[in-house]
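Here's a quick tour of a few spots worth a look while you have the model open.

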Amino acid sequence: MQETKQAPARSRHQQRPLIGLMSVALFCICAALLAATAWTIWSSREIRLREAEVATENMARTLASQADTAIKIADVILDDIVERSERDGSSGQAGKRLDAYLVQLTRKVTEIHGLFIYDETGAWKATSLGVPFKGDNSDRDYFVFHKTNPQTTTHISAPVRSRSTGHWIIPVSRRIDHADGSFAGVALATLRLDSFERVFDSLDLGKSGTVFFALENGTLIYRRPFQEKLIGTDLSSGAIMRSYRENGRAGTIMRVAKIDGIERLYSYRRLDGYPIIVSAALSKQDIFSQWKVASLQILGAALCAIAALVWFFRKLMRQMAMRDQVETELRVASLELEKANADLQTMAWKDGLTSLANRRAFDDTLERERKRARREDEPLSLILLDVDYFKKFNDAYGHVAGDDCLRAVAKAVAGSAARCGDLAARYGGEEFAVILPGTDSAGAALVAEAIRQTVLALGIVHAGSPIGLVTVSLGVATTSNGDYQDASPTQLLQRADALLYQSKTAGRNRVSV
């Protein structure tokens, strides 16, 4: 018990030298400030100016951290919904799921005002607002930018008034592409301008201080004190933007403001990953107001400056911790989402027994390839095959052996679909199918015969078959040229099925074309 009590005591004892050193340092500072009455006015002015520079730099860092966090969150979300939209589309059931997902995201992430997806014409495809509005956004600057620029990077536009809610928003957008790389639309995340007020309220800007956000090209995004008419003002010829272009991504200057003519000390920073400049400023009058008072008040001013620095530092640390936590949670959530999507994709498109494409994947691929073949005027062939006397095989050898037989046949069928566009699928039970885009009747017949011979060469014993081995019967149907107008996927399947039946009635273990 005594040792436990002594541990904090030792800790306090170990801290005393540091506390003493800090106390001595503070005393020295206070003594120096008290001695400032003997200094020249110019020396006192330089001290106050340096303090103001530190304060504005810390405020600029705080603003940059908050803006970077908000935009980075929007960027991560856009990356996710663009991937979803390009992969699953935004129409039908996929569109409904996307709407629900967008609503869920805006509820979880308070920085986001709204999430939207527009197609290549600017029409609403999905939104977090619940119900899409009429009209389109094809006239918005961000839509025009993505439509004319193939880059898939995040684009930040000048603020606009939302057509859906009437609020002033900052558009953060990404381009959506079709599978062939052509323009498919825009994914948009909007940040409300007034969402930044919480951080601004925490900053000590004095009577005439200001903060502003601007795009790298000089377009004003937000300025405090807020005046709606100033949004979108061109500051490219202003002193801060000139200093940024000449001196780099961060700096501090004393200049007269272009907007209101007040001379201020500005600290500005460019965000690391985005083309945005943030700036915090204190007016010259506010900076030197205490410098003009009697020497006895200098100590109080210094103590206030020290307290402000500590407060701003602690505030900056909290902001960085919050940002790191959000980034970590988003990375974990993104990895979990990617894994879940991969698992769902595998379950949705693969047959569990044979690892071939399942019936759903087959139907979707056949419809897509039929349309492509018709559009490009190419032949399309379909092979349907069936394991001969499979019921007898199951009855004789059991279902486990039957499954092994189907897997062996599936492997032979998969080997026939050697090209990138070919698809081998389990059609159902002991039936399999092969889609051969760009293949005429003769080529499809060669593939079918290769399958028949490969299965026969497996040498799987089948006492119920006349030849004593597992064999397959195949039907090959081909559609080309003028047939497409009447050749639906169902009709093509019926033709292949009829030819498969013809092979069976003709004695099995053969190909009918």
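In the hairpin of E13 and E14, which residue takes a positive phi? Glycine 429 does, with a phi near 60°. Keep in mind that this is a predicted model. The notes below start with that hairpin, then move on to rings, charges over rings, and one threonine.

**The E13–E14 hairpin**
- Strand E13 covers residues 423–428 and is mostly covered, with five of its six residues buried.
- Its partner is strand E14, residues 431–437; the two run antiparallel and are joined by five bridges.
- Two residues sit between the strands of this hairpin.

**Aromatic pairs**
- The count of aromatic pairs comes to seven.
- One of them is phenylalanine 116 with tyrosine 118, a stacked pair with 6.3 Å from centre to centre and 10° between the planes.
- Phenylalanine 116 has 3% relative accessibility, so it counts as buried, and tyrosine 118 is buried too, at 2%.
- Phenylalanine 390 and phenylalanine 393 also pair up: their ring centres are 6.3 Å apart and their planes meet at 10°, so this pair is stacked.
- Those two phenylalanines are three residues apart in helix H10 (residues 390–397), so about one helical turn separates phenylalanine 390 from phenylalanine 393.
- Phenylalanine 390 and phenylalanine 393 are both buried.
- Ring pairs also tie Phe116, Tyr118 and Trp124 together into a cluster.

**Arginines over rings**
- Arginine 84 lies over the face of tyrosine 101, 3.8 Å from the ring centre.
- Arginine 360 does likewise with tryptophan 349, over the ring face at 5.5 Å from the centre.

**Threonine 106**
- You'll find threonine 106 in helix H3, which spans residues 92–108.
- Is threonine 106 buried or exposed? With 17% relative accessibility, threonine 106 falls under the 20% cut-off, so it counts as buried.
- The side chain of threonine 106 reaches the backbone oxygen of valine 103, at 2.8 Å.
- Leaving out residues up to four places away in sequence, threonine 106 touches Ile112, Gly114, Leu115 and Ser128.

Conventions
Residues are numbered from 1 along each chain as its sequence is written. This is a predicted model: local features need pLDDT of at least 70, side-chain atom pairs count only at pLDDT 80 or more; totals for chains, interfaces and linings use all residues. Side-chain values use heavy atoms; hydrogens and water are left out. Buried means under 20% relative accessible area, exposed over 50%, partly exposed in between (1.4 Å probe, protein chains only). Helices (H or I, at least four residues) and strands (E, at least two) are DSSP runs, numbered from the N terminus. Two strands pair if DSSP finds at least two bridges between them. Rings of Phe, Tyr and Trp (its six-membered ring) pair if their centres lie within 6.5 Å; planes under 30 degrees apart count as stacked, over 60 as edge-to-face and the rest as tilted. A charge sits over a ring if NZ of Lys or CZ of Arg is within 6 Å of the ring centre and within 35 degrees of the ring normal. A polar contact is a pair of N or O atoms within 3.5 Å; within protein, one must be able to donate a hydrogen and the other to accept it, and residues adjacent in sequence count only if both atoms are side-chain atoms. Contact means heavy atoms within 4.5 Å.
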